[in-house]
Amino acid sequence: MTKWVYTFGDGQAEGNSSLRNLLGGKGANLAEMCSLGLPVPPGFTISTEVCTAFYANERKYPLELAAQVDAALKHVGKIAGRGFGDAANPLLVSVRSGARASMPGMMDTVLNLGLNDETVEAVAKLANNPRFAYDSYRRFITMYSNVVLEIEHHNFEDILEEYKDAKGFTLDTEMSAEDWKAIIVAFKACVERELGKPFPQDPYEQLWGAVGAVFGSWMNARAIKYRDLHSIPESWGTAVNVQAMVFGNMGDTSATGVAFTRNPSTGTKELYGEFLINAQGEDVVAGIRTPQDITEAARIAAGSSKLSLEAAMPEAYKELVRIYGLLETHYRDMQDLEFTIERGKLWMLQTRNGKRTAKAALRIAVDLANEGLISQEEAVKRVDPASLDQLLHPTIDPKATRVQFSTGLPASPGAATGEIVFTSEEAEEAKKAKRKCILVRVETSPEDIHGMHAAEGILTTRGGMTSHAAVVARGMGKPCVSGAGSIRIDMATGTMTCAGKVLKRGDFITVDGGNGQVLVGEVAMLQPELSGEFGSLMEWADTVRRLKIRTNAETPLDARTAVKFGAEGIGLCRTEHMFFEGERIIAMREMILSDDEKGRRAALAKLLPMQRSDFIELFEIMAGLPVTIRLLDPPLHEFLPHEAREIQEVAEAMGASPEKLRLRALELRESNPMLGFRGCRLAVAFPEIAEMQARAIFEAAVEVKKRTGAMVTPEVMVPLVMTKPELDLVKARIDAMAKAVATESGITVPYQVGTMIELPRAALRAGEIAGSAEFFSFGTNDLTQTTLGISRDDAGSFLGSYKARGILAEDPFVTLDQEGVGELVKLAAERGKATRPALKLGLCGEHGGDPASIAFCESVGLDYVSCSPFRVPIARLAAAQAALGKVTKAEG
């Protein structure tokens, strides 16, 4: 018989942390904590395999499940000394989801299950606290009705708020037992009105309703969106955890809280979190009451007058500190924990590796290594390379003028500017229109995940440092200011007001997630400085990394930025980008309009000194590091105007005939320019173009040698080659220019000539092409287009459907298609090396900055990858992880 249910409690558990795939993260860690002898309320986990079976069998449960759940309930009841459904001594339970990957807030939870009109009286009597019992019952009705019966939450909020207004109450804690009884009557009437039947009283009906809702929530819109954003497969499913309730709302000796063993924003080794006295778990993250600090140090730093947990409940605090230390040492990582204190006794409800910012991930990994908990290699593997992007976003310039609108909590670091939007739908519309926006909400909920993803930053008027907005924003790397309570939002008028100042939808604001400030207008930003822990981790990464990391750069700014980030050369200098400014574009257009070779050479002679000075600057910045220069690649029509008005303006500026310009643009226009007259085809038809560029390269190398005494070894790259004769013809012109410059200057420049492999035929004939090419650089942007027959400019209209239907796991222009394009790369590398064993192999498409693609490059033995300057740190870390054999998402 298949085992579907695993129990834990009283120091024993049928599972452990290694069964994460089966029990989900929450269930596996509850079992592990229980086995460690920690105070964990007893419970059981319904495995992820039930979820898989549930969806595979038309939402029906396995036949043996009901009996196993009944047995588990009896086991839990025996440990707790209560019976599920027992009218005199009832066992109440929580029902929570728990996937193998942490998905905070994405799926549903129900607390206080087992309460009904009968058991609530028994709970009141046993606890000697009627207010607590009826407060718990009204919470259960609200949660169950929303999660299971699908009645909108606002129905119950409206009833409660109207009642409180009528009584003159502000806080829920002012409500008495009699008040909650009245609310319960109103809540149940609401349910009957909405559903046409009464609120369910049978505890078993309640339980199976909640279990079904948790499994159902695996396929809700917000969970699907979260899985898509974090590459979590649908097939993993979720587990369901059923656990005996412990209560933080039993009076002033009870509390509930959330905490991290280290600061999740900065990585500092300090107890970080929030709690509320006389509350249940959802109260802490909902932002309805302002949470209190765990430690005295945090309370003082925040300037709060409310008691810290350290001061209010010193014994429970000491136990918490002991357990935190034990768990962090056991898991060898920063832990995110949930706890409840019931009448002075501490209970642990969850531990998991905590979500953290990139900044915190760096510091925690390096600190744990320095503390001896993990090795340096393990530290390198701990940091997600893609998350380093979070460190590369702008911060506010200290010299900038700040016009403060309001302040809140610094919930997620970084700064962002954008126009105010008040709904997630508005945020998505703004992103589609390429307008930057800040999502402003009273509080976010899991339904807002698409809007949070679309926005540059998030601002909420309610919620603490562990609220939904804070946790999700940190995970996304988005700046967030939460709990800006002085702001009043009026959705009807589309305005937000603070201290008499009014801002409206569409106005620009800046949020500073580092200090919690909300500023009026657009504020000047600074690029970040990377040092400290970043430097340590990169140093450790570089010691294990085999792949070299180069950059794609043609401007001095890009080259300097890349060197600062650790680039080991330029893998792609796109020379066409140098021809679009000022006098250069005029000379380029003169060359294109020329009727003969003599006219073209005259125009190219004007471009020569400009190209030469460009290369001199790049060579000097790179200071002896390799520089790969690609000869002119795009079709010539890209340099010409096409609209009548533009043609007239350009003709006047050049002193040329508008009609001649129009006819030449028409003549060069192509139906499919990506496969047209471009790349080496230009050099074959007009060898004088390649000659000018080659001469500029060699003359620049000579000049740098004269200035610095250092010899440069340029790598001249011929694009879009499909046959060896093409390469031979262009290479002959490059060689002739090298010889001419050596004769003229008396200095012989060492150089290499290679090609981009970006056509399937070139990959197939790589062995032959390697007879002339000294290096290959795989141009995987075009190789993906030509192999898949997909235009990257037009693929957006259907790639989403392909991913949704499982045809493609990833966008092939973001992560390399290893089975198709990758097979060609592997084959070309093998055939090229067979002809020329010393052949240098690199990759210079956008995939050069993608961790999964870098892992592939390591596996097929490429020598380097080249990426944009700001992705160099990502590539360095990903290359180290690939060398250490860490499995990436695309592989595993």
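**Strands, sheets and helix contacts in the predicted model**

Glu-419 stands opposite Cys-437 of strand β16. Strand β15 (residues 415-421) and strand β16 (residues 437-441) run parallel and are joined by three bridges. Strands here are DSSP runs of E with at least two residues, helices are runs of H or I with at least four residues, and both are numbered from the N terminus. Two strands pair if DSSP finds at least two bridges between them. The model is predicted: local features need pLDDT of at least 70, side-chain atom pairs count only at pLDDT 80 or more, and totals for chains, interfaces and linings use all residues. Residues are numbered from 1 along each chain as its sequence is written, and side-chain values use heavy atoms, with hydrogens and water left out.

β15 and β16 belong to an open sheet of eight strands. The order is β13-β23-β22-β15-β16-β17-β18-β14, and the pairing is mixed. β13 (404-407) and β14 (409-412) stand at the edges. Each has a single partner strand, so one side of each is left without a neighbour in the sheet. From one strand to the next, the twist averages 30 degrees. Angles run from 0 to 180 degrees between N-to-C directions, and axes are lines fitted to C-alpha atoms, for helices over the stretch in contact.

The loop between β12 (395-396) and β13 holds Ala-400. Ala-400 is buried, with a relative accessible area of 18%. Buried means under 20% relative accessible area, exposed over 50%, and partly exposed in between (1.4 Å probe, protein chains only). Leaving aside residues up to four places away in sequence, Ala-400 touches Val-523 and Ala-524. Contact means heavy atoms within 4.5 Å. Ala-400 and Ala-524 are 124 residues apart along the chain, yet their C-alpha atoms are separated by 5.8 Å.

A second open sheet has five strands in the order β9-β8-β7-β10-β11, with antiparallel pairing. β9 (292-293) and β11 (345-353) are the edge strands, each with a single partner, so one side of each lacks a neighbour in the sheet. Eight bridges join strand β10 (residues 335-342) to β11. Within this pair, Ile-341 has Leu-346 of β11 as its bridge partner. Helix α13 (residues 314-331) lies across β7 (255-260), β10 and β11, and runs at about 25 degrees to β11.

Strand β4 (residues 93-99) is mostly covered, with seven of its seven residues buried. In a regular strand the side chains alternate between the two faces of the sheet. On one side of β4 are Val-93, Val-95, Ser-97 and Ala-99; on the other are Ser-94, Arg-96 and Gly-98. β4 pairs with strand β5 (residues 109-113) in the antiparallel sense over three bridges. Thr-109 of β5 is the bridge partner of Arg-96. Seven bridges join β4 to strand β6 (residues 238-244), again antiparallel. Here Val-95 stands opposite Val-242.

Helix α2 (residues 48-56) has Thr-48, Val-50, Cys-51, Ala-53 and Phe-54 as its buried residues. Their cover includes α1 (20-35), β3 (43-46), α3 (65-80), α8 (203-217) and β6. After α2 comes Glu-58, whose phi is positive, near 55 degrees.

Helix α14 (residues 358-370) packs against helix α19 (residues 533-544) at an angle of about 65 degrees, with axes 9 Å apart. That makes α14 roughly perpendicular to α19. Angles of 65 to 115 degrees count as roughly perpendicular, under 35 as roughly parallel, over 145 as roughly antiparallel and the rest as oblique. Among the α14 residues that meet α19 are Leu-362 and Val-366, and the α19 residues include Phe-534 and Trp-540.
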